[in-house]
Amino acid sequence: MSDRRNTVLHSVLLVLLVASASAFVEELDDTFMETRADDDTWLIKFYAPWCVFCKQLDPVWHQIGSELKSLGSPVNVGRSDATTSKGLAKEFRVRDYPAIFIWKKKFKYNYLGQRTKDGIMDFANRVGGPFVRSLSSQQLFQHAMSRHDVMFVYVGATSQLKGNYTSVAEELIVHTYFFSTTRSILPKDVILPSLPAVVVFKDGTYLTFDEERDGDLKSWINRERFPNFFKIDSYTMYSMGESDKLVLLALVGEKSMCEESLWYKGLVEKVAADYKEIYGRNFYFGYMEGTDYINGFVMGEVTVPSFIVVNLSNDGYFLPPSAVQAEHHLLDFLKGVLDGSIQRQGGNDIAQRIRRLIYDAKVTLTPLFSEAPLFACLLVSIPIIFISTFVYLCCFARPTLIDDDGEAIPLLAPSMQSRKKRTDKKSD
C-alpha cells in the first residue's frame, strides 16, 4: 500500500514539474511574425508531430525554458509545429526536424550542434548575450580564459577595425565568443606590434591578426576558431566545412583505445604541436573515435586505427600510400597532399554523387531487408513499378484519331508510318 502511494505521489509530482516547465515554453504559430517585438530574442524549436527525435527533445526543451527563465535570461523559449505553421517554418527555411534557431534582431541563427541541454544552453547564452563582451578587469579576463579553449579579443579604442570585428561577431557568434578589452588588462607577456589589434588566445599561446598576411578578418577567424589539436565529431566536421583547411584525423577505437590507437593519436598531436608553423595554415589536427562518419564520407569501410586527410570543401579525401610507422612518414604524407603527389579520392562530381546515392540507398535498405524483408521488397518494388509503367506509356501507348465515320484510327510509330507509305506506293 505504501509503495503504491509513493508511486502515485511520484507521478503527480512529475506531472506538476512538467506542467510548470511547460509554462516557460510558448507555442508559436504564423501570427508570431507579426506580434514579435523587434528587440525580443527567441529560442525556437521547430517540430513535426510524427518526429520521434522531436518528442525525445521535449523534456530537455522544457528544462531549458525553465532554467533560462530562472537565470533571468533575455532569451524567450518557444516551439512551433512546422506542419501547421508553414509560414513561420518557411521564414526560417526549416528543412528537417527538430530544427533549432535563435531569432535576435534581424538575425536568424541555426543551431547545428548536439541536441543536449548543455549544448543548447551554451548556444542560447552565447547568441542571446552581447555580440562582443567587454572584459573590464584582469579578473574577468582570466575567468574568460579559463572557460574558453579559443578566445577572440579586440584590443584598443573605437576604430574601423573594431567596426569590422563587431560585424563579424554578429555573423559568427553562432560558432564562438567574441570579447574586447584594453591593453592594460592583457597579461604583460602579451606583446602586440600595434593598436588596435585582434588577438586569438588558444593552445597556451596567442596569434595576432595581420591583414597583409592573413587577408580577410572573417576568413581568418573562421580558420582560427578551432584548437590546434582536439577531439573531432560529426558536428565539428560540419562546422569546419566553412573554412578552407584540410583535416588530418587519427581514427581510433570508439570505446577504449588500444596501445596502437594511442600511438596514432599521439603522433598527430605531436606533429600538430611541433610543425604548427609549417602546416598549421593548411591543416586542422585531431582524432575521431569510431568510423561511422568517415565510412559514410568515403562510402566504404575504414580500418582502425588509421590516418586520413579530409577536404570538406569538395568531399575529397587522401589516404597514406604506404604504412605510417614513424613521424617522417606522416610528414611525407602531409607534404604529398599539399604538393599534389598523392592523388585525391572521392569528390562531389556527378559520378561521385550517383555513387553516393547508391551507397546511401544500400546503407538504408540493407538493415531493412534483414529485419523486415517483405516490407523492404514492397518498398523497392513501388518505384520500379512506377518507372516501368511510365516507360511503357511513353514508348508503346499511341494516341488515336477519329475518321469521318466516327471510327478510331490508331497512329503508328514513325518507322511503321514510313513502311506503310512505301507499301501504299507499291500498290499504286
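The model is predicted; local features require pLDDT of at least 70, side-chain atom pairs count only at pLDDT 80 or more, and totals for chains, interfaces and linings use all residues. Residues are numbered from 1 along each chain as its sequence is written, and side-chain values use heavy atoms, with hydrogens and water left out.

The protein has 17 helices and 18 strands. Both are DSSP runs numbered from the N terminus: helices are H or I with at least four residues, and strands are E with at least two. Of the 428 residues in the protein, 39% are buried. Buried denotes under 20% relative accessible area, exposed over 50%, and partly exposed the range in between, with a 1.4 Å probe and protein chains only. The accessible surface comes to about 25,700 Å². Carbon and sulfur atoms supply 56% of that surface. Areas come from the Shrake-Rupley method with a 1.4 Å probe, and for residues only the protein chains shown count as cover. Among contacts (heavy atoms within 4.5 Å) with a separation of 6 or more, residues 24 or more positions apart account for 67%.

Two strands pair if DSSP finds at least two bridges between them. Strand S4 (residues 99–104) runs antiparallel to S5, with 5 bridges between them. Within this pair, tryptophan 103 stands opposite lysine 108 in S5. Axes are lines fitted to C-alpha atoms, for helices over the stretch in contact, and angles run from 0 to 180 degrees between N-to-C directions.

Phenylalanine 107 lies in strand S5. Leaving aside residues up to four places away in sequence, phenylalanine 107 touches Ile102, Phe131 and Glu170. The C-alpha atoms of phenylalanine 107 and glutamate 171 are separated by 8.2 Å, although the two are 64 residues apart along the chain.

Another open sheet of 5 strands has the order S6-S8-S7-S9-S10, again with mixed pairing. Strand S6 (133–134) and strand S10 (205–208) stand at its edges with a single partner strand each, so one side of each lacks a neighbour in the sheet. Strand S7 (residues 150–155) and strand S9 (residues 197–202) run antiparallel and are joined by 6 bridges. Tyrosine 154 has valine 198 as its bridge partner in S9. Helix H9 (residues 217–224) packs on this sheet and touches S7, strand S8 (178–181), S9 and S10. The direction of helix H9 makes about 10 degrees with that of S9.

S8 pairs in the parallel sense with S6, over 2 bridges. Serine 134 has serine 180 as its bridge partner in S8. S7 is also parallel to S8, with 4 bridges. In S8, serine 180 is the bridge partner of tyrosine 154. From S7 the chain crosses through helix H7 (residues 160–172) to S8, in a right-handed β-α-β crossover. Right-handed means that, with the strands pointing away from the viewer, the path from the first strand over the helix to the second runs clockwise. Phe178 and Ser180 point one way from S8, Phe179 and Thr181 the other way, and all are buried.
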